[in-house]
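Student: I've got a model open and I'd like to talk it through. Can we go piece by piece?

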Amino acid sequence: MDKALSVVIPAYNAEAFIEGTLQSLLKQNSSQMEIIVVDDGSRDATGDIVSRIMDEGGYDNLHLHTQENGGVSTARNAGLLLAKGAYVFFLDADDYVADSFVPPLLKLIQDTQADVIHWPYDLVDEKGNVLQGFPYPQVVPPLRTGVETLRAILLDKTTRVSTGSVAYRRDLLLNHSLQYTQGCTAGEDVEFNLCAISHATQVLYAPQLRNYYIRHASSVMNSYSIKKFSAVEAMERVGVYFRQRGQAAFDKLAEHMDDYETLHSYAGTYTMCLRHLIQAENMQPRAAMARLGQEIDGMFPGMRGSINGRLKARKKKFPPDRIDVFRFSPLLYLYLSNRRQPAAQKSGGL
């Protein structure tokens with residue numbers, strides 16, 4: 001029998017966290033929810049732990065799909081194809097939901113049939129202590145269109161939607177052939193969420209729900225990866241996607257993607273990598289910038305030139321915004337960013 005909700009959990013080498021994530025869902029004991037764990041070629045005991053939980057608990061709504069490693073986008077897409085629920089949401093293997101989460105979400109699904117339902121989320125440490133609460137406490141309209149929601153996310157900056165804090169009607173995703181971009185290792189979740197929300201007629205905000213993102217102590221300095229610049233390409237694809245809609249409202253959003261979100265993604269990723277080289281590898285700033293530039297050019301030919309050209313051509317803001325600061329001096333941008341660093345968000349939020 002089809003379910004009301006499918007929870008897709010991509011998992012790669014998640015043996016330390018997967019049981020806690022699953023128990024946060026299973027203890028809510030709902031027959032209207034299915035959980036699909038996609039083991040993306042783990043080399044640890046992730047699959048064994050899931051199998052043990054299935055055997056010991058006799059859960060007929062917990063399923064394990066094992067595949068060769070293909071990356072998080074491939075894993076999420078596989079889970080989406082396997083899903084049978086009327087709604088689907090994607091939860092990372094090291095995150096979890098509130099104790100009272102599934103029943104009220106299922107009631108909202110039954111009562112509203114909204115295309116998209118999203119809720120607040122908190123950033124926590126490994127012991128569950130809140131490092132940063134959802135920063136938008138103000139009351140928002142309970143129902144908005146997709147375009148209105150995108151304006152709130154991108155232009156007004158009055159809400160956020162992240163991977164584990166949103167559920168979609170599955171037929172909305174299937175009817176518009178929405179999938180995560182294969183091979184994209186950063187920003188793929190933001191791209192998916194923005195494109196999916198753009199097709200929604202009704203978007204419901206549910207402040208009574210909450211999920212939790214864990215920031216691991218080991219991840220603070222372990223942040224250097226040139227592959228993360230694929231997030232810049234993801235933001236560029238969103239701009240193209242909006243523009244292809246052929247509507248004035250989406251044209252404005254596309255302009256914003258080009259003028260701010262893509263540039264902001266580049267500046268943020270550049271700063272994260274530069275910080276690692278200076279602080280973790282003890283490189284001098286100029287040498288770190290030279291190495292970073294060479295590696296960007298090697299993996300993303302033409303990206304630096306394109307971004308620098310757009311930065312130079314960008315109309316100056318008054319007062320200057322963060323992109324103006326980065327254009328003036330990446331090192332000044334890094335200095336200012338370091339002062340804000342303790343409350344940094346986990347990737348995936350919009």
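Tutor: Helices (H or I, at least four residues) and strands (E, at least two) are DSSP runs, numbered from the N terminus. This is a predicted model, where local features need pLDDT of at least 70, side-chain atom pairs count only at pLDDT 80 or more, and totals for chains, interfaces and linings use all residues. Residues are numbered from 1 along each chain as its sequence is written, and side-chain values use heavy atoms, with hydrogens and water left out.

Student: Ok. Which residues of H5 are buried?

Tutor: Gly 146, Val 147, Thr 149, Leu 150, Ala 152, Ile 153 and Leu 154. That is 7 of the 10 residues of H5, so the helix is largely enclosed by the rest of the structure.

Student: What covers those buried residues of H5?

Tutor: The cover includes strand E9 (143-144), H7, E11, H8 and helix H9 (248-279). Contact here means heavy atoms within 4.5 Å.

Student: Pick one residue. What is Thr 149 in contact with, leaving aside neighbours within four places in sequence?

Tutor: Thr 149 sits in helix H5 (residues 146-155) and has a relative accessible area of 1%, so it is buried. With those sequence neighbours left aside, Thr 149 touches Arg 144, Ile 197 and Val 203.

Student: Switching to H4. Which of its residues are buried?

Tutor: In H4 (residues 102-112), the buried ones are Val 102, Leu 105, Leu 106, Leu 108 and Ile 109. Looking down the axis of H4, they fall within an arc of 155°, so they line one face of the helix. That arc is taken from the directions from the helix axis to the C-beta atoms.

Student: Which residues are exposed on the other side of H4?

Tutor: Lys 107 and Gln 110.

Student: What do the buried residues of H4 pack against?

Tutor: Quite a list: strands E1 (5-11), E2 (33-40), E4 (87-90), E6 (116-118) and E11 (203-205), plus helix H1 (18-26). After H4 comes Gln 113, with a positive phi near 55°.

Student: How many bridges join E1 to E4?

Tutor: E1 and E4 run parallel and are joined by 4 bridges. Val 7 is found opposite Phe 89 in E4.

Student: What's the order in the open sheet of 4 strands?

Tutor: E5-E12-E7-E8, again a mixed pairing. Strand E5 (96-97) and strand E8 (130-132) stand at the edges with a single partner strand each, so one side of each has no neighbour in the sheet. Strand E7 (residues 121-124) pairs with E8 in the antiparallel sense over 2 bridges, and Leu 123 stands opposite Gln 132 in E8.

Student: Now charges. How many salt bridges does a search of the whole structure find?

Tutor: The search gives 20. A salt bridge is a side-chain nitrogen of Lys or Arg within 4 Å of a carboxyl oxygen of Asp or Glu. One of them joins Arg 237 to Glu 191, with the closest N and O atoms 2.9 Å apart. Arg 237 lies in helix H8 (residues 230-243) and Glu 191 in helix H7 (residues 188-197), so the pair ties together parts that are 46 residues apart in sequence.

Student: Is Glu 191 buried or exposed?

Tutor: Glu 191 counts as buried at 9% relative accessibility, while Arg 237 is partly exposed at 29%.

Student: Which residue meets Arg 314 in a salt bridge?

Tutor: Asp 321 does, at 2.7 Å from N to O. Salt bridges with shared partners join Asp 259, Arg 314, Lys 317, Asp 321, Asp 324 and Arg 327 into one network. Arg 314 itself is buried, at 6% relative accessible area.

How values were computed:
Buried < 20%, exposed > 50% of the residue type's maximum accessible area, 1.4 Å probe, protein only. Pairing = 2+ DSSP bridges.
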